[in-house]
Amino acid sequence: MSPFKVLFVCTGNQCRSPVAQGILEALLRKLGRSDIEPDSAGTHAAQPFPPLEEAVELAREHGADIAHIRSKACTADLVNQADLVLVMGHLHRAVIAAAVPLAREKTFLLKTYGRNANDYDFEAEIGDPTGGEPEGYRFCYEELEGEVNRILPFLIDGAARKHE
C-alpha cells in the first residue's frame with residue numbers, strides 16, 4: 001500500500017515547509033502511523049541546503065527533528081506524486097497552478113484546508129520569518145504547529161480513503 005503523500009510548499013524550503021513536515025513526522029511517529037508520508041519543497045528553493053538554524057532549534061525544542069531535511073525545488077514530479085499539496089501563501093499556489101494546472105484540485109493554503117474559508121484572504125497566509133527577529137520564528141512555528149494539528153484528522157481520513 002502506498003502512503004498518502006502530503007507535500008508542504010513554501011518559498012525556499014528552509015523554514016516553513018520543513019517545519020511543517022517535521023511537525024507532521026513527529027505526530028505520525030507518536031501515533032505509530034506509516035500510512036501518511038510528509039515531504040516539503042520550495043517554489044524558489046536552491047538545493048540542497050539544510051533548514052535555517054532558527055527553525056531547527058525551534059523544532060527540536062518542540063520534539064520535532066528537521067535537521068535531516070534538505071531543500072529541494074517544487075517540481076512537477078513532486079506535485080504529481082503528492083495526494084495533497086499544502087502551501088504557505090498565495091504565490092506558492094499560483095506557481096504550482098501555472099506549472100501543473102491539474103494540481104489545482106489538490107493544492108490548498110495550509111490555513112484554509114478543511115475550512116470553509118476564503119482562499120483569497122491574505123490573513124490565510126503563513127508569513128515567512130526568514131531574516132527577522134526570533135519572535136517571528138516562534139510565532140511562525142506556533143502557527144504551523146496549530147495548523148498541522150488541526151488538519152491531522154483530515155490527513156488520516158485522506159489516507160483511509162486512499163486505501164479503501
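Helix 1 (residues 16-31) is made of 16 residues and reaches 23 Å from its first C-alpha to its last, which is close to the 22 Å expected at 1.5 Å a residue, where the expected span is 1.5 Å times one less than the number of residues. The model is predicted, so that local features need pLDDT of at least 70 and side-chain atom pairs count only at pLDDT 80 or more, while totals for chains, interfaces and linings use all residues. Residues are numbered from 1 along each chain as its sequence is written, and side-chain values use heavy atoms, with hydrogens and water left out. Helices (H or I, at least four residues) are DSSP runs numbered from the N terminus.

**Helix 1 and its end**
- Helix 1 is mostly covered, with 13 of its 16 residues buried, a term for under 20% relative accessible area with a 1.4 Å probe and protein chains only.
- Just after helix 1, glycine 32 takes a positive phi of about 70 degrees.

**Helix 1 against helix 5**
- The axes of helix 1 and helix 5 come within 9 Å and cross at roughly 50 degrees, the axes being lines fitted to C-alpha atoms over the stretch in contact, with angles from 0 to 180 degrees between N-to-C directions.
- Helix 1 and helix 5 are therefore oblique to each other, a class that holds the angles left over from roughly parallel (under 35 degrees), roughly antiparallel (over 145) and roughly perpendicular (65 to 115).
- Helix 1 passes helix 5 in a right-handed crossing, meaning that the near helix is turned clockwise from the far one by less than a right angle.
- By class, the contact of helix 1 with helix 5 divides into 14 nonpolar, one polar and two charged residues.

**Helix 2 against helix 5**
- The axes of helix 2 (residues 53-61) and helix 5 (residues 134-162) come within 10 Å and cross at roughly 50 degrees.
- That angle makes helix 2 oblique to helix 5, and the crossing of these two helices is right-handed.
- Glu54, Leu58, Ala59 and Glu61 in helix 2 meet Tyr137, Arg138 and Tyr141 in helix 5.

**Glutamate 142**
- Glutamate 142 lies in helix 5, and at 43% relative accessibility glutamate 142 counts as partly exposed, which is the range between buried and exposed, the latter being over 50%.
- The C-alpha atoms of glutamate 142 and leucine 58 are separated by 9.5 Å, although these residues are 84 residues apart along the chain.

Note on methods. Contact means heavy atoms within 4.5 Å. Ala, Val, Leu, Ile, Met, Phe, Trp, Tyr, Cys and Pro count as nonpolar, Asp, Glu, Lys and Arg as charged, and the others, Gly among them, as polar.
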